[in-house]
Amino acid sequence: MIRAGRRHLVRTLADIAAQQGIAVPTLLSSGRLQAEGFPAPLSAGRTRLYDGEQVDAYLAGRPVPELPAADDEEDLDDEDLLDRQEAAALSGIPLHAWDRRKKNPSVSEHMVLVGGVEHWPRRIVRDYTPAPRPQTGGGGGRPAGAGDQVPRDLLPERVAQLLDDDPALTAAGVTEQLGVHRNTAQAALTALRAQRMADVMEQREVTAAQAAAELGYPAGLTRRASIRAEAIVRGRQARPYLADVARALHARGFTTTDTPPTVEHPQGDECFAALVLDGPQAPAAALVWSERHGWRTSTSRRHPLGRGAAWPLPGPGMRHLATGTTPAPADLVNALDSSN
């Protein structure tokens with residue numbers, strides 16, 4: 001909770017890191033946030049927010065001041081800002097029910113973002129009265145308790161909220177609460193866990209299993225996510241090299257854009273990347289890289305491999321560039337030049 005009149009004091013992890021002249025990963029791995037006496041976050045959500053007055057006092061070696069008390073009703077202010085967990089608790093409803101309620105115009109128009117986190121004034125949460133549900137005849141309408149049918153573009157956000165609240169969330173749980181197909185739920189859950197595990201692996205320099213344990217993900221639910229997280233980390237590590245290749249291709253005229261082509265990283269359990277070529281002398285539509293097989297030309301701009309597909313043999317418009325998996329950018333461009 002952000003007490004009334006203190007919104008301007010809220011600090012994010014990025015703010016605290018910048019205040020100390022370090023990067024956020026360095027702050028997270030340093031253990032400073034867990035040090036004795038360091039101010040507690042303002043809420044229990046995944047995005048941690050802190051009171052700036054408390055942080056400043058701690059970093060200056062002064063006693064950390066207490067926040068205004070909120071132990072009984074008369075201490076509460078109508079303009080206190082509540083996050084989604086606090087709003088759901090005050091309303092006496094589950095989190096997924098609040099996620100539906102917050103879309104009502106009488107609630108959504110009062111939503112404010114603080115440090116990237118949604119908050120609502122206490123008075124709006126407290127005084128909202130749901131409209132009565134129309135009575136329907138027997139057998140009509142959706143069954144009581146049926147989950148939402150969530151659009152695909154909103155699914156990652158909704159699954160993220162559920163996973164924040166329950167690290168042991170299963171695909172069946174997502175299906176029950178959001179009303180999506182189980183395969184859709186599993187794919188979204190795996191992708192989200194993989195991204196979060198990859199973030200922790202990079203920040204802490206730990207294994208996928210250790211990252212899963214730190215995030216509270218049960219080992220039995222993370223086999224596929226672990227494989228994907230490892231691929232994500234390897235892909236991130238390869239990006240500087242791939243960016244150098246993109247610049248070399250652009251300089252040689254294989255693209256007509258004003259800037260080097262963007263490196264596209266298709267999602268999957270292995271590390272792939274593709275660069276679109278549109279120059280008049282380009283020998284193919286795309287140049288594709290795999291951590292396993294190296295570079296090849298492709299007649300298609302789409303991901304060249306399906307899951308489990310064998311590495312295709314060279315053919316018209318396709319050529320393996322036999323220069324190793326990570327040749328120097330100049331050597332790769334020369335090999336590509338020779339295929340014209």
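Modeller: A nonpolar core is a set of buried Ala, Val, Leu, Ile, Met, Phe, Trp, Tyr and Cys residues joined through side-chain atoms within 4.5 Å, where buried means under 20% relative accessible area, exposed over 50%, and partly exposed in between (1.4 Å probe, protein chains only). The model is predicted, so local features need pLDDT of at least 70 and side-chain atom pairs count only at pLDDT 80 or more, while totals for chains, interfaces and linings use all residues. Residues are numbered from 1 along each chain as its sequence is written, and side-chain values use heavy atoms, with hydrogens and water left out.

Colleague: Which residues touch the most other members of the largest nonpolar core?

Modeller: In general, nonpolar side chains tend to be buried together in soluble globular proteins. Here the largest nonpolar core has 27 residues, and those that touch the most other members are V159, V174, L178 and M197. Two or more residues come from each of helix 8 (155–165), helix 9 (171–178), helix 10 (182–204), helix 11 (208–215) and helix 12 (223–252); helices (H or I, at least four residues) and strands (E, at least two) are DSSP runs numbered from the N terminus. Helix 10 gives the most to this core, with nine residues. Apart from this core lies another, of 20 residues, which includes F254, V263, A273 and L275.

Colleague: Which residues are in contact with V174, leaving aside its neighbours within four places in sequence?

Modeller: With those neighbours set aside, V174 is in contact (heavy atoms within 4.5 Å) with V159, L162, L169, G179, V180, A185 and L189. A211, which lies in helix 11, can be read in the same way: its contacts beyond four places in sequence are M197, V200, M201 and V206. A211 is buried, with a relative accessible area of 0%, and its C-alpha is 9.0 Å from that of S226, a residue 15 places apart in sequence.

Colleague: How many aromatic pairs does a search of the whole structure find?

Modeller: A pair of aromatic rings is described by the distance of the centres and the angle of the planes. Rings of Phe, Tyr and Trp (its six-membered ring) pair if their centres lie within 6.5 Å, and planes under 30 degrees apart count as stacked, over 60 as edge-to-face and the rest as tilted. The search finds five such pairs. F38 is buried, at 10% relative accessible area, whereas Y58 is partly exposed, at 25%.

W98 and W120 have ring centres 5.1 Å apart and planes at 85°, so this pair is also edge-to-face. It joins W98 in helix 5 (residues 95–101) to W120 in strand 5 (residues 117–121), 22 residues apart, and both W98 and W120 are buried.
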